[in-house]
Amino acid sequence: MANTDITRRTSLKLAIASCGLLMNPVLLANAATDSRLVVIVLRGAMDGLDVVRPVGDPHLSTLRPNLGNKPGPALTDFYQLHPLASNLMPLWREESLAFVHAVATPYRDKRSHFEGQDFLECGLSSIPTGVDKQSGWLNRFLASIPSHGPRTGFSVAREGEIILTGQAPITRWFPKTNVNLSSQGQRLMAQMYEDDPLLHPTAAQAFELLEETKALRSKAGKGEAPLPGYLQVADYLAQQLLGDTRVASFTINGWDTHKNQQNTLVRPMKELTESLLHMRKTLGKTWDDTTILAITEFGRTARENGTGGTDHGTGGLMIMAGGGVRGGKVYGKWPGLGEGQLYQNRDLLPTVDVRRYVAGVSRGQFGISDSQVARIFPGVDMAVGVEDIVT
Amino acid sequence: MPKFDPTIAEVRFGTGLSVASRPSNSTDDMIKSLTGPDTVESSFPIHGMPAVQKNSREIRQLKTLRQKKEITKEELKARRDTMRNSTQQMRIEDYSCNLARGVASDCGFKERLTWFWADHFSVVGNGLKPSAYIDTAIRPNIASSFTQMLQAAILHPVMILYLDQGQSTGPNSQAAKRNNKRGLNENLAREILELHTLGVQAGYSQQDVRTFAKLLAGTTLSPSQETVFNPRLQEPGPLAFMGFETTGDANREADIRSFLAELATRKATAEHLAFKMAQHFLMDDPPKNLVRKMTKAYLANNGSLLALYEVLLNYPLSMSSTLFKVKRPIEYMVSALRALDVKPEALVASAKQNGKAFNREMLNAMARMGQRWGQPSGPNGWPKTNPEWVSPNTVSERLRWALRVQTRQFVNPLEPSEVLANALGPLADDGVRWAVKAAETKKEAIALLLMSPAFQRH
């Protein structure tokens, strides 16, 4: 943790400055309930150094002689986008895509996916154990939004992901379940469950969601080719965002690229970039009220390894998209990749706690107060930040 | 002492009612059957550790052949693909045997205990490893002492592999002196204290975890995937922590076993296990009084598991006809197969004949209900409480399976009223009886009764 302390002061200033710029000022004036926040959890640790390549850093090509063989489009004089993400360039140009480099949760040194994701989802400053894991930061965020209904928080997942788990009620549904029970059967089941406080509401919700999913599917089928499986989640989520949903999450797996990274990145990159583009298309005007954050448990080693991949690292990348984002920028403080600049002589040095940026987004877009931020991200104090932004 | 109820015992502690099995008539019967011969194990054998070791040997051989350039890259890939396919088929057969044991058993308690302890000592693994591990480390020890089970599970190659113990190297060991990149891995030490023995609330420190990891260093795998002790990885010198002291560098293996034995019989461990077991079999929030009694019996009998079970079975609420726990997917499926009077042999035959279909209809269905067999989300195993198993998706998937399973070739057509009697016997209430009568088709009637509140619980 020592390194975080050393850079704390500088990072604080920077975070404050950046957080002020992250959000479009127009949105600050909008009604808080019109805003949408979507968090995509990129499980497996995305290689931020490959997705947004700091080609302006003279050490990159020494550390990674092979990984950057195929160049991608330039984002700035310093950064280049991975070629597999070049389909996102229209978003970059319309300034609804931004990145934050060299960020991390407070998790250090053990580099375990399991613990790293717990950190990422719980939003705490120390390792979550036991009951900590029953409360994800996005659920605490949801609880800070006034007057929410059952669909305000929506987790598009089969399993209870920690990030949106907690005391605030949410809906969790994965739109790939399909059951054929007659309406008579459904009525009988509801009757049978009448006195069952656990099964009754769950089954009622299930039938409602099944019905909706079926209707969406048949609507989508008309005149168009059916969506590939990997876009069904994003599509379903976009439909929810057009309805009552304001806070949502889903997962994209497959980022653990220890071997042959150029190939292993193909699938998750396709899934991520096309999901973003599909949401852009489907959301229409609602895109302007939407902020999408894609976060990952940690970055990967600065050096490529002996098997054409990278190993578990520390500092990483956050991706932000949506009309709510002041895009066309790579935020963050670049720590450098040279001698003595790496974390433990191996990883990108995290210069800012990723939670500060997320807090900045929530504050900017939803008007979350500093005391609420302190509940969402214990240990992250934004009070100083407000003063600086104002001045 | 409460009156023993064979129906309740079979439902709550077993794998569900079955016309084909002979239920126990007393607590003593149940306890005795745990120590008797294991008939279902041999009737439905899984591939086990020899197959796991054979696989890893073959992979090593292929790699050597490739290194010597005796086979091409393409040949290597083709042969590995063939191996992978046959392993996948064997895994599906193993899974069918696990189901078949639960379906066939006269002593469902034994199966339930095996699942319970396998969950307590969770491993996540692909291929044949999880089943092989359970059959060698867990199943033979469910009626022994916890010490014995703890040692068997922790020192099992699959556990060593899963919790990264194999590479863990004492910081002052010979191996670390040669290569300063090597060091301790605390994973196994931490999980033993947190999950397997004392529990996370017990007062141990990060320093204790680290010293325990030093004690374990040297416990590793041989190239043939057997657990061995390699003194080159061992941390030299005396280690003292948590009231334990090592007895000299030459005795490290024995010291590891003694420390595990000591952990097994500590009060915090007893309380942790008693709570977990009562929560698993009885209710999410089990009576404190029961947990206290179980803890006491466990400690008084030197960590005897049978003593623990006996208190649980004899507790008055254990014979209550109110069912508190929602069945886990595997428990639900096995009890449903019993209610449908499925022949366990037919189940296994179906998996052998068409593994892919069996995988789709059974293994994948169970995963969608929230239990991906052999692959819980982490070393903490499956969710423990009712609300975690009941969501719109998982309830839909339970229903979907209840409808579809009836069309499988291993299910013979039955009248809904028969299935109702098989499934619930005297536990069928008016609600489910009405639903079965009023359903439009036999298929829906059967699915509804399998979805009834009473059948979803035990």
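Student: What do the buried residues of H16(B) pack against?

Tutor: In this predicted model, they pack against helices H2 (27–35), H6, H8 (146–154), H14 (267–281) and H15 (288–300) of chain B.

Student: What makes H16(B) largely enclosed by the rest of the structure?

Tutor: Count the buried residues: 8 of the 10 in H16(B) are buried, so the helix is largely enclosed. Among them are Leu305(B), Tyr309(B) and Leu313(B). To be called buried, a residue needs under 20% relative accessible area.

Student: Which residues make the contact between H6(B) and H16(B), and how do the axes lie?

Tutor: The axes of H6 (residues 108–120) and H16 (residues 305–314) of chain B come within 14 Å and cross at roughly 115°. Phe109(B), Leu113(B) and Trp117(B) of H6(B) meet Leu305(B), Tyr309(B) and Leu313(B) of H16(B). By class, that contact has 6 nonpolar residues, with no polar and no charged ones.

Student: Why are H5(B) and H18(B) called roughly antiparallel?

Tutor: Check the angle: H5 (residues 73–104) and H18 (residues 344–353) of chain B pack at about 170°, with their axes 8 Å apart. Angles over 145 degrees count as roughly antiparallel, and therefore H5(B) and H18(B) get that label.

Student: Which residues of H18(B) meet H5(B), and what classes are in that contact?

Tutor: On the H18(B) side they are Pro344(B), Leu347(B), Val348(B), Ala351(B) and Lys352(B). Their partners in H5(B) include Gln89(B), Glu93(B) and Ser96(B). The contact of H5(B) with H18(B) divides into 10 nonpolar, 2 polar and 2 charged residues.

Definitions and conventions
Residues are numbered from 1 along each chain as its sequence is written. Chains are lettered from A and ligands numbered from 1 in the order in which they are written. This is a predicted model: local features need pLDDT of at least 70, side-chain atom pairs count only at pLDDT 80 or more; totals for chains, interfaces and linings use all residues. Side-chain values use heavy atoms; hydrogens and water are left out. Axes are lines fitted to C-alpha atoms, for helices over the stretch in contact, and angles run from 0 to 180 degrees between N-to-C directions. Helices (H or I, at least four residues) and strands (E, at least two) are DSSP runs, numbered from the N terminus. Contact means heavy atoms within 4.5 Å. Ala, Val, Leu, Ile, Met, Phe, Trp, Tyr, Cys and Pro count as nonpolar, Asp, Glu, Lys and Arg as charged, and the others, Gly among them, as polar. Buried means under 20% relative accessible area, exposed over 50%, partly exposed in between (1.4 Å probe, protein chains only). Angles under 35 degrees count as roughly parallel, over 145 as roughly antiparallel, 65 to 115 as roughly perpendicular and the rest as oblique.
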